[in-house]
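Thanks for passing this one along. Please have a look at the model below, and then read my points beside it.

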Amino acid sequence: MLEEDSLAQSTTVEVPALCDKIKTLLHDPALRRKMGQAARQSAEQQYSWPVIVKRYEELWGESIQIAKTAPWEEPLTSAIFRMSLEKSFGHFATEKRNPHCKCFITAEGREWLKRPARFYFLCHFYDSPTPQRFNQMLREIAACPGIPATKVVETFGRSADHVSTADAHWSLGRLFKYGLVASTEECRGTCGHGGDLQAVTRDFGTSTIGSTVSTGISGANR
């Protein structure tokens, strides 16, 4: 491959040449072992977790140094630091949802019910579920605080229809993901790691760039 081809978004395989190379490997066990050892060494030296973590630490260190010397433009940055960290990183998984967990509508969920047009943002770009499904599901949870997730799925997904049941599971997952539903009543604003994240947001908003802020969270991420 030519150097300028390394950026190509497609490539062409020369089938006869590929067959010859495969035959060579097939009849040369020593060459196979040598290539396998070289591949393993390359992976350990470049892609193992200790190497990746070290690179991230170096990148973070460089970013901190750059941030310390960068001019502080209050009008442009203050709005960013006032943003909830929980909202910023809410799309990452934080815990496993038990099928029998209880469902409670959050304060954010109640705000969404006031503006049902927002539910379009939760939908697929294609096909079901519809915004009305999210609206109805959230209203059911609001009317029955603590309703089990299995009951929600049973109500909105027909057991004989696997597609409908899958849609119900997916819809409920979206409501959890966007913080409209929580497994503990108002937990996203008053307890657990959500409260820690809000505390970090407050502390970070009053700190200078480059300073270290502790979240007080210990242990591995859930």
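1. Basis. This is a predicted model, in which local features need pLDDT of at least 70 and side-chain atom pairs count only at pLDDT 80 or more, while totals for chains, interfaces and linings use all residues. Residues are numbered from 1 along each chain as its sequence is written, and side-chain values use heavy atoms, with hydrogens and water left out.

2. Salt bridges overall. How many salt bridges does the structure hold? There are three, taking a salt bridge as a side-chain nitrogen of Lys or Arg within 4 Å of a carboxyl oxygen of Asp or Glu. Helices in these notes are DSSP runs of H or I with at least four residues, strands are runs of E with at least two, and both are numbered from the N terminus.

3. Helix 2. Arginine 40 and glutamate 44 form a salt bridge, with the closest N and O atoms 3.1 Å apart. The two are separated by about one helical turn because they sit four residues apart in helix 2 (residues 29-46). Arginine 40 counts as exposed, at 58% relative accessibility, whereas glutamate 44 is partly exposed at 43%. (Buried means under 20% relative accessible area, exposed over 50%, and partly exposed in between, with a 1.4 Å probe and protein chains only.)

4. Helix 3. Here the side chains of lysine 54 and glutamate 58 meet in a salt bridge at 2.5 Å, N to O. Both residues lie in helix 3 (residues 49-69), four residues apart, or about one turn of the helix. Lysine 54 is partly exposed, with a relative accessible area of 47%, and glutamate 58 is partly exposed at 41%.

5. Helix 6. Glutamate 111 pairs with lysine 114 in a salt bridge whose closest N and O atoms are 3.2 Å apart. These residues are three apart in helix 6 (residues 107-114), so about one helical turn separates them. Is lysine 114 buried or exposed? Lysine 114 is exposed, with a relative accessible area of 61%, while glutamate 111 is partly exposed at 38%.

6. Three strands form an open sheet in the order 2-1-3, with antiparallel pairing. Strand 2 (147-148) and strand 3 (181-182) are the edge strands, each pairing on one side only. Two strands count as paired if DSSP finds at least two bridges between them. Strand 1 (residues 102-105) pairs with strand 2 over two bridges, and lysine 102 has proline 148 of strand 2 as its bridge partner. Helix 7 (residues 131-143) packs on the sheet and touches strand 1, strand 2 and strand 3, its direction making about 100 degrees with that of strand 1. Contact means heavy atoms within 4.5 Å; axes are lines fitted to C-alpha atoms, for helices over the stretch in contact, and angles run from 0 to 180 degrees between N-to-C directions.

7. Strand 1 and strand 3 run antiparallel and are joined by two bridges. Phenylalanine 104 has alanine 182 as its bridge partner in strand 3.
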